[in-house]
Amino acid sequence: AITTIAMSAGARRLLDRKVVVKKLNSIQNLGEIEVLCTDKTGTLTEGSIRVVGLIDVLGNESAFVRRLAFLNASFEAGYTNPIDEALKRVPTDANDIIQKIGELPYDFIRKRLSVALKTPEGGMLVTKGSFATVMDVCTRVRHGDGIIEPLDPHRKGIGASFDSFGSRGLRVLAVCYKPIGDGVRSVTREMETDMVLAGFILMEDPLKNGIQETLRELKETGVVLKVITGDNREVAASIARRIGFGEPSILAGRELSRTSPEALVRLVETTDVFAEVEPQQKERIVSALRKRFNVAYVGDGINDVAAIQAADVGISVSNAVDVAREAADFVLLE
């Protein structure tokens, strides 16, 4: 009875500081936290995506890429997300009468989204997604002047451009397309082959105001911060440096997948940033850290739910998706 009354009083004090306590016994766990893991988008950053460039593979602004990105975002029917909302607001001259044939929704394995459309020029499959997964399905590249060439001779230069965008903290999606027959009535995954790389969507997501000061206070309390993100290594490193990590130690998802559970327990201790990770890998990182530390996880998306549940303390925010708030022990109103 005494413990319950004490924690209830603590919950009221936390509510005064804009923190909703969903599970009373988590208050004691929160006081014992040694490592805080956090997602990047919407947690360290505002989560308000701003499109800063729609460019061809040579880095020039492209009306063609702008049109493809707009059409892909406008006709997809999956869950609402900041990227597609930002692309829908991009001015474009795509006023043609266009009919949707079908869609291959985004998933965390393919990391791309395709829509099949009937346009005045004929049937077209338009795909956007992560740089690596889009490059996997492309065999040709379209230059700004409309000339289409084999992709392989240009792969190295295109990869270097992608790395340079990431080092500037810009998030990058690739856009590709291919003509399909007018008689196509449905779309299948097998159609995502032999596509033409058109260009890139460049986006930025500004850091939250005061985030550096917040993390400095966290460090003074003796809590170690770990950033876990699906963004590529260069973007993650840029953000980490801006929030005060200096030169962060980074582990990418593909390296993580080759690491044994025993080795991972030691590796997570010395790693600052985990980049290019998939949702199930977030849970694996948190579980490995819990072998040695008391761990909290802050996240707001569908891909954070497993990690929130795996942590000693799960924390979400008021504008998170419903399942993330439901999984959390605490919800931050601010």
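**Terms and values**

Analyst: Serine 114 touches Asn72, Gly102, Glu103, Leu104, Leu125, Val126, Thr127 and Glu192, leaving out residues up to four places away in sequence; contact means heavy atoms within 4.5 Å. This is a predicted model, where local features need pLDDT of at least 70, side-chain atom pairs count only at pLDDT 80 or more, and totals for chains, interfaces and linings use all residues. Residues are numbered from 1 along each chain as its sequence is written, and side-chain values use heavy atoms, with hydrogens and water left out.

User: Why is serine 114 called buried?

Analyst: Buried means under 20% relative accessible area, exposed over 50%, and partly exposed in between (1.4 Å probe, protein chains only). Serine 114 has a relative accessible area of 0%, so serine 114 is buried. Serine 114 belongs to strand 5, residues 112-119; strands (E, at least two residues) and helices (H or I, at least four) are DSSP runs, numbered from the N terminus.

User: What makes the pair serine 114 and glutamate 192 a polar contact?

Analyst: The side chains of serine 114 and glutamate 192 are joined at 2.6 Å. A polar contact is a pair of N or O atoms within 3.5 Å; within protein, one must be able to donate a hydrogen and the other to accept it, and residues adjacent in sequence count only if both atoms are side-chain atoms.

User: Is glutamine 212 buried, exposed or partly exposed, and why?

Analyst: The relative accessible area of glutamine 212 is 33%, so glutamine 212 is partly exposed. Glutamine 212 sits in helix 7. A polar atom of its side chain lies 3.2 Å from the backbone oxygen of arginine 242.

User: How do you know that the buried residues of helix 7 line one face?

Analyst: Ile211, Leu215 and Leu218 are buried in helix 7, residues 211-220. Seen down the helix 7 axis, the buried residues fall within an arc of 50°, so they line one face; the arc is that of the directions from the helix axis to the C-beta atoms. Strand 2 (35-38) and strand 11 (224-228) are among what covers them.

User: Why are helix 10 and helix 11 called roughly perpendicular?

Analyst: Helix 10 (residues 261-270) and helix 11 (residues 279-289) pack at about 75°, with axes 8 Å apart. Angles of 65 to 115 degrees count as roughly perpendicular, under 35 as roughly parallel, over 145 as roughly antiparallel and the rest as oblique. Helix 10 and helix 11 are therefore roughly perpendicular.

Definitions and conventions: Axes are lines fitted to C-alpha atoms, for helices over the stretch in contact, and angles run from 0 to 180 degrees between N-to-C directions.
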